[in-house]
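Trainee: I have a new model open and would like to go through it with you. Could you help me read it?

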Amino acid sequence: MMKVIDTIREEVQNDVLSLDDINDIMSSHQYTQIEDEDDELNILKYSNGKSQIWLRCISDGDEYIINEVTRCTKKRGKTEGDPFRKE
């Protein structure tokens, strides 16, 4: 049985896809886009609520070629200060 990340890699890497095609593939695996493409880094970010998958791509604005698919998970511990603490 393949992991979800491996299945996504097979479906998106090294093909020319539109953003709609990529969103359809990711939604079939219960991932939704959380940010628009970061133009400087060429990354599409998707989340299922527990983890994120980042797709590094080359784009001309309409078509995308995915080079790398990586899973990003939240590290344990605090990521920000306590908003209820009085100074």
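Mentor: What follows is a walk through this predicted model, from the overall fold to single residues.

Trainee: How many helices and strands are there in the protein, and what pattern do they follow along the sequence?

Mentor: The protein has two helices and five strands, and along the sequence they come in the pattern α-β-α-β-β-β-β. Of its 87 residues, 24% count as buried, and among the contacts with a separation of 6 or more, 32% are between residues 24 or more positions apart.

Trainee: Where is confidence highest, and where is it lowest?

Mentor: The mean pLDDT of the protein is 81, with 76% of its residues at 70 or more. Among the elements, helix α2 (residues 19–28) has the highest confidence, at 93, while strand β2 (residues 32–38) has the lowest, at a mean of 74. Over residues 77–81 the pLDDT is below 50, and beyond near neighbours in sequence that stretch has one contact in the model. Where pLDDT is low, the predicted coordinates should not be read in detail.

Trainee: Okay, on to the core. Which residues have the most contacts inside the largest nonpolar core?

Mentor: Those are Ile22, Met26, Ile53, Leu55 and Val69, in a core of 16 residues. At least two residues of this core come from each of α1 (4–12), α2, β3 (43–47), β4 (51–59) and β5 (63–73).

Trainee: And what is valine 69 in contact with?

Mentor: Leaving aside its neighbours within four places in sequence, valine 69 is in contact with Ile5, Ile8, Arg9, Val12, Gln13, Ile53, Trp54 and Leu55.

Trainee: Let me jump to the loop between α2 and β2. Is tyrosine 31 buried or exposed?

Mentor: Tyrosine 31, which is found in that loop, is buried, because its relative accessible area is 2% and the cut-off for buried is under 20%. Beyond four places in sequence, its contacts include Val4, Ile8, Met26, Tyr46 and Ile53. The C-alpha atoms of tyrosine 31 and isoleucine 53 are separated by 8.2 Å, although these residues are 22 apart along the chain.

Trainee: Which side chain does the side chain of tyrosine 31 make a polar contact with at 2.8 Å?

Mentor: That partner is the side chain of arginine 71. A further polar contact, of 3.3 Å, joins the side chains of tyrosine 31 and serine 51, and the side chain of serine 51 in turn makes a polar contact with that of arginine 71 at 3.5 Å. Serine 51 is in strand β4 and counts as buried, at 8% relative accessibility.

Trainee: What about the other residues in that loop, say histidine 29: buried or exposed?

Mentor: Histidine 29, also in the loop between α2 and β2, is buried, with a relative accessible area of 17%. Its side chain is joined to that of glutamate 11 by a polar contact of 3.3 Å, and beyond four places in sequence histidine 29 is in contact with Val4, Thr7, Ile8 and Glu11. Glutamine 30, in that loop as well, is by contrast exposed, at 59% relative accessible area.

Trainee: What is phi of glutamine 30 near?

Mentor: Phi of glutamine 30 is near 65°, a positive value in a residue other than glycine. Most residues other than glycine have a negative phi.

Trainee: Changing topic, where is aspartate 6 found, and what is its side chain joined to?

Mentor: Aspartate 6 is found in helix α1, where it is partly exposed at 29% relative accessible area, and a polar contact of 3.1 Å joins its side chain to that of arginine 9.

Trainee: Last one, on the rings: how many aromatic pairs does the structure hold?

Mentor: The structure holds zero aromatic pairs, but lysine 45 lies over the face of tryptophan 54, at 4.4 Å from the ring centre.

Key. Residues are numbered from 1 along each chain as its sequence is written. This is a predicted model: local features need pLDDT of at least 70, side-chain atom pairs count only at pLDDT 80 or more; totals for chains, interfaces and linings use all residues. Side-chain values use heavy atoms; hydrogens and water are left out. Rings of Phe, Tyr and Trp (its six-membered ring) pair if their centres lie within 6.5 Å; planes under 30 degrees apart count as stacked, over 60 as edge-to-face and the rest as tilted. A charge sits over a ring if NZ of Lys or CZ of Arg is within 6 Å of the ring centre and within 35 degrees of the ring normal. pLDDT is the predictor's confidence in each residue, from 0 to 100. Helices (H or I, at least four residues) and strands (E, at least two) are DSSP runs, numbered from the N terminus. Contact means heavy atoms within 4.5 Å. A nonpolar core is a set of buried Ala, Val, Leu, Ile, Met, Phe, Trp, Tyr and Cys residues joined through side-chain atoms within 4.5 Å. Buried means under 20% relative accessible area, exposed over 50%, partly exposed in between (1.4 Å probe, protein chains only). A polar contact is a pair of N or O atoms within 3.5 Å; within protein, one must be able to donate a hydrogen and the other to accept it, and residues adjacent in sequence count only if both atoms are side-chain atoms.
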